[in-house]
Amino acid sequence: NANDNANNTINNTVTILGFGSLLSERSSRMTFPKLQNFRLGRVPNYRRVFAHPASVFFQRGIANIETKEMSSLSAEPFHKNNNNDSDNDSDNNSDNNSNTFVCSIFEVPNDTNEDTMIMMKDGVPSQAFLEREEEFNMVDYLEMDKDGITTNTTTQRPKGILCTRSTDQQYIQRWGPDRFRDHYEQYGIHTIWGWDQNSGLRPCAAYLRHCVLAAQKMGDECYNSFLEDTYLVDRVTTVRTYLHQNPQVMTTLPPPELQVRYGG
């Protein structure tokens, strides 16, 4: 909440939890050049899912609308064996899913420049940060070490910011219908978060390859977690299974101008 976020800025840094492209320190530094203390952690009671198309994939020309290879990652709350969890009602095999995944953790100076500031003094995400993560709901989350044990024992230690799934309604309320039209509808996409488990939505190939390479560079634990603890929109198929079925993904190169950004 805002009070916790306000406490986070006492040391003038903000803690970020990364689970996709931000698993790559190189990629993270392209977004946050001044990041500090890049390391691995683990987030329990959430799962990592390719569940929504990202407008940036259309803008950069790496989305394939015909094959539905256009989805990006988000984190969503998931508690195993909780039959009352409404988020899981449509997931017939959710009991088999992991409810934890390895993430990256790093601190970013909370610049006073409005164009690069992440959190406002009152603990509310800045306009610049919202612009970078336009479709997500950003929540505070306790930082976890790689064994799943919280490393925050007092409210004086910063909480990590995690980008989680949102709703179309929240997106339009934040940005307005014109932006929704410009970033999605003009490409023939009429929903961001309304893709159900039978929609056939698939990961953007260049982005998935980038994330796999990034996780691989971080060691076996991170790599295996990405393969086993990341799901397609059906919440059943893991990335490991999907890559076995679609090996061409790992040879799908981004355009030359994006080869550094999407190079793992």
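Predicted model: local features only at pLDDT ≥ 70, side-chain atom pairs only at ≥ 80, totals over all residues.
Helix α7 covers residues 205-217, and its 13 residues reach 18 Å from the first C-alpha to the last, a span close to the 18 Å expected at 1.5 Å a residue. The helix is mostly covered, in that 11 of its 13 residues are buried; these are Ala205, Ala206, Tyr207, Leu208, Arg209, His210, Cys211, Val212, Leu213, Ala214 and Ala215. After α7 comes Gly219, which has a positive phi, near 105°.

Helix α5, formed by residues 168-175, has among its residues Asp168, Tyr171 and Trp175, which are buried. When α5 is seen down its axis, the buried residues fall within an arc of 60°, and they therefore line one face of the helix. Gln169 and Gln173, by contrast, are exposed and lie on the other side of α5. As with α7, which is followed by Gly219 with its positive phi, α5 is followed by a glycine whose phi is positive, namely Gly176, with a value near 95°.

The structure holds 0 disulfides. Cys204 takes part in no such bond, the nearest cysteine sulfur being that of Cys211, 9.3 Å away. Seen from Cys211, the closest cysteine sulfur is that of Cys204, and because the two atoms are 9.3 Å apart, they are too far from each other for a bond, given that a disulfide requires the pair of sulfur atoms to lie within 2.5 Å. Cys204 is buried, with a relative accessible area of 0%, and Cys211, one of the buried residues of α7, likewise has a relative accessible area of 0%.

The largest pocket has a volume of about 750 Å³. Its lining comprises 34 residues, of which Ser21, Val56, Arg132, Glu133 and Phe136 are the closest to the pocket centre. Two or more lining residues come from each of the helices α2 (25-31), α3 (55-59), α4 (127-132), α6 (177-183) and α7, as well as from each of the strands β1 (13-18), β4 (69-77) and β7 (160-164). Among these elements, α3 gives the most to the lining, with 4 residues. Helix α7, described above as mostly covered, is thus also one of the elements that contribute two or more residues to the lining of this pocket. In terms of residue class, the lining of the largest pocket divides into 16 nonpolar, 10 polar and 8 charged residues.

Note on methods: Residues numbered from 1 in each chain as written. Heavy atoms only, no water. Expected span 1.5 Å × (residues − 1). Buried < 20%, exposed > 50% of the residue type's maximum accessible area, 1.4 Å probe, protein only. Arc of directions from axis to C-beta. 1 Å grid on protein atoms, 1.4 Å probe; cavity = no way out; pocket = protein on both sides within 12 Å on 5 of 7 lines; lining within 4 Å. Points joined across faces, edges and corners; volume = space filled by probe spheres on them. Nonpolar A, V, L, I, M, F, W, Y, C, P; charged D, E, K, R; others polar.
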